[in-house]
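Please report on the structure shown below.

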Amino acid sequence: MLNQHLNMINSHDGRLRSYQSAIENHPDGVLILDRDGRCRELNPAVSELTGYTLEEFCQKKLSFLILPQDLEKTRNHIQLALRGIPQRYDMTIIHKSGLPLHIQMTNVPIILNHEVAGVFCIGRDITARKQLEEQQRSVKQQLESFIENNVDPILMVREDGKVLRVNESFVNTFGWKANEFVGMNVFDLHLIPDEKKGEFEELAREMRAGNKIIGKETVRLRKDGGRMNVLLSSSPILDEKGEVTGWSVTLRDITEKKKSEELLLQEEKLLVAGQLAAGVAHEIRNPLTALKGFVQLMEKEKSYNEQYLGIMLEELKRIELITNELLMLSKPQQSQFVHKNLIGILQEVIALLGAQTIMNNIILLTDFETGSIQVHCDRNQLKQVFINFIKNAIEAMPGGGNLRIQVRKQGAYAVIRFIDEGCGIPQEQLAMLGQPFFTTKEKGTGLGLMVSRRIIENHHGTLNISSEIGVGTTMEIFFPVC
Ligand code: ADP
Ligand code: MG
């Protein structure tokens with residue numbers, strides 16, 4: 001059939017044979033329309049494409065094949081091709097099975113003797129490509145919506161630090177407008193407080209190595225300079241080849257959470273202070289009795305005694321130390337990280353708790369490394385931790401016993417162990433320790449361990465708890481030394 005028609009179009013053309021073969025074997029469906037738009041010839045690929053045999057195809061009008069919405073458009077394109085202007089467009093046809101097929105259609109005018117004799121219609125199935133595009137578009141839309149409508153501020157940065165985009169939550173939280181931020185270098189923006197620049201360098205190194213960062217607590221600045229506690233998470237953005245081209249960074253605002261944590265920490269301190277008050281009163285009664293005795297003695301002797309004064313000064317110093325410790329517990333303190341001697345801190349805590357241990361028949365055995373061990377810490381917070389552990393140990397030994405406190409240096413770490421001979425902790429409770437309000441005591445708060453763990457984490461330390469029923473419990477803390 002094709003043969004005949006091409007003969008009809010131009011029986012003189014010598015190249016005809018090769019054209020014929022090209023059309024016959026063309027992988028795309030090829031139709032030849034005559035000047036009136038009627039189908040004159042078609043190749044086997046049309047049959048493959050549409051599901052109709054060539055005979056079936058020839059018996060039908062072309063319009064049956066085209067999606068009704070595309071009919072008008074297709075007619076216009078063919079009209080233009082019949083006027084000599086090649087056309088390319090996408091259209092939808094209906095396969096014999098009833099399924100729609102996306103076709104990329106090319107209409108090429110057949111020009112013979114300066115006249116349009118017909119049109120080649122070359123249809124290529126692009127359904128798979130369309131579906132892929134559709135899928136990609138839908139994934140992209142989902143991602144877009146996920147980023148844009150996320151309640152957490154998100155920014156996307158290129159590998160060199162240039163900001164690619166920020167979402168609405170970022171704009172609302174940090175106060176920068178998108179156009180003030182996008183295109184800028186993240187290093188030039190006042191987002192990172194000076195004291196966090198070193199930490200940021202470290203994070204950036206991690207990120208460049210292709211690692212994710214999940215939930216790093218840090219501080220970022222708003223446009224107005226206000227500080228915000230944030231939980232930073234970051235994951236690399238990869239290109240098609242799997243190479244890192246940038247990062248998406250989420251900065252969850254945890255300022256409120258931090259505030260309530262600090263309140264809880266303060267609350268716990270106050271409770272402990274209240275619980276210790278009886279012991280402290282007891283502790284200062286003894287030196288007070290001594291002081292009173294010496295004063296009465298000097299009054300009676302009506303003379304001034306150098307020796308008494310020395311002892312009195314010592315006793316006063318002890319009272320001062322203990323009351324200061326108690327005050328430290330009950331007053332809110334601005335957190336202050338400095339280098340301090342760990343052993344000194346422990347000794348001050350022991351002074352405060354001395355009476356408490358004696359009243360409970362506890363023998364305190366200290367086993368400290370000689371010399372000092374410097375750690376970068378907030379002195380008051382560490383005291384809070386040590387008081388918690390000593391109190392817990394005392395409470396675990398209602399009948400009295402030994403409490404050993406060890407301090408060792410192990411490589412880059414200081415290890416502090418509180419080893420008691422108390423009741424121990426059952427296996428099933430070990431996992432629950434440190435959950436707020438988990439307590440087995442009638443008057444317990446269940447906050448001590450939680451607060452202590454939090455403080456230890458803030459000091460980049462770790463806590464290990466090991467315990468055996470009826471034998472005792474060991475609380476082991478590691479702190480990096482300076
Ligand atoms: P609280 O002391 O108010 O109960 P904590 O958070 O300090 O709260 O401790 C939680 C629980 O952990 C305690 O109730 C107790 O059951 C257990 N625990 C903590 N330390 C010890 C210890 N040294 N020996 C035995 N049990 C302990
Ligand atoms: Mg406790």
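The report starts with conventions and then turns to the ligand.

This is a predicted model: local features need pLDDT of at least 70, side-chain atom pairs count only at pLDDT 80 or more, and totals for chains, interfaces and linings use all residues. Residues are numbered from 1 along each chain as its sequence is written, chains are lettered from A and ligands numbered from 1 in the order in which they are written, and side-chain values use heavy atoms, with hydrogens and water left out.

**Ligand site**

Around ligand 1 there are 18 residues. A residue counts as near when one of its heavy atoms lies within 4 Å of the molecule. The closest are Thr439, Thr440, Lys441, Thr445 and Leu449. By class, the shell has seven nonpolar, nine polar and two charged residues. Here Ala, Val, Leu, Ile, Met, Phe, Trp, Tyr, Cys and Pro are nonpolar, Asp, Glu, Lys and Arg are charged, and the others, Gly among them, are polar. At least two shell residues come from each of α13 (379–396), α15 and β17 (472–480). Helices (H or I, at least four residues) and strands (E, at least two) are DSSP runs, numbered from the N terminus.

The table gives polar contacts to the ligand, meaning pairs of N or O atoms within 3.5 Å.

| Residue | Atom in the residue | Distance to an oxygen atom of ligand 1 |
|---|---|---|
| Thr439 | polar side-chain atom | 2.5 Å |
| Lys441 | polar side-chain atom | 2.8 Å |
| Gly446 | polar backbone atom | 2.9 Å |

Taken alone, ligand 1 exposes 530 Å², and the protein buries 94% of that. Accessible areas come from the Shrake-Rupley method with a 1.4 Å probe.

**Aromatic pairs**

How many aromatic pairs does a search of the whole structure find? The count is 10. Rings of Phe, Tyr and Trp (its six-membered ring) pair if their centres lie within 6.5 Å; planes under 30 degrees apart count as stacked, over 60 as edge-to-face and the rest as tilted. Tyr52 and Phe64 make an edge-to-face pair, at 5.3 Å centre to centre with 80° between the planes. This pair links distant parts of the chain, 12 residues apart. Tyr52 sits in the loop between α3 (44–50) and α4 (54–59), and Phe64 in the loop between α4 and α5 (68–82).

Phe64 also pairs edge-to-face with Phe57, at 6.3 Å and 70°. Burial is judged by relative accessible area: under 20% is buried, over 50% exposed, and in between partly exposed (1.4 Å probe, protein chains only). Phe57 is buried at 3%. Tyr52 is buried at 11%. Phe64 is partly exposed at 27%.

Elsewhere, ring pairs join Phe170, Phe174, Trp176 and Phe181 into a cluster.

**Positive phi**

Which loop holds Asn361? Asn361 lies between α12 (342–359) and β12 (362–368). Its phi is near 60°, a positive value in a residue other than glycine. Asn361 counts as exposed because its relative accessibility is 54%.

His460 has a positive phi too, near 55°. His460 is in the loop between α15 (448–458) and β16 (462–468). At 60% relative accessibility, His460 counts as exposed.

Note on methods: A polar contact is a pair of N or O atoms within 3.5 Å; within protein, one must be able to donate a hydrogen and the other to accept it, and residues adjacent in sequence count only if both atoms are side-chain atoms.
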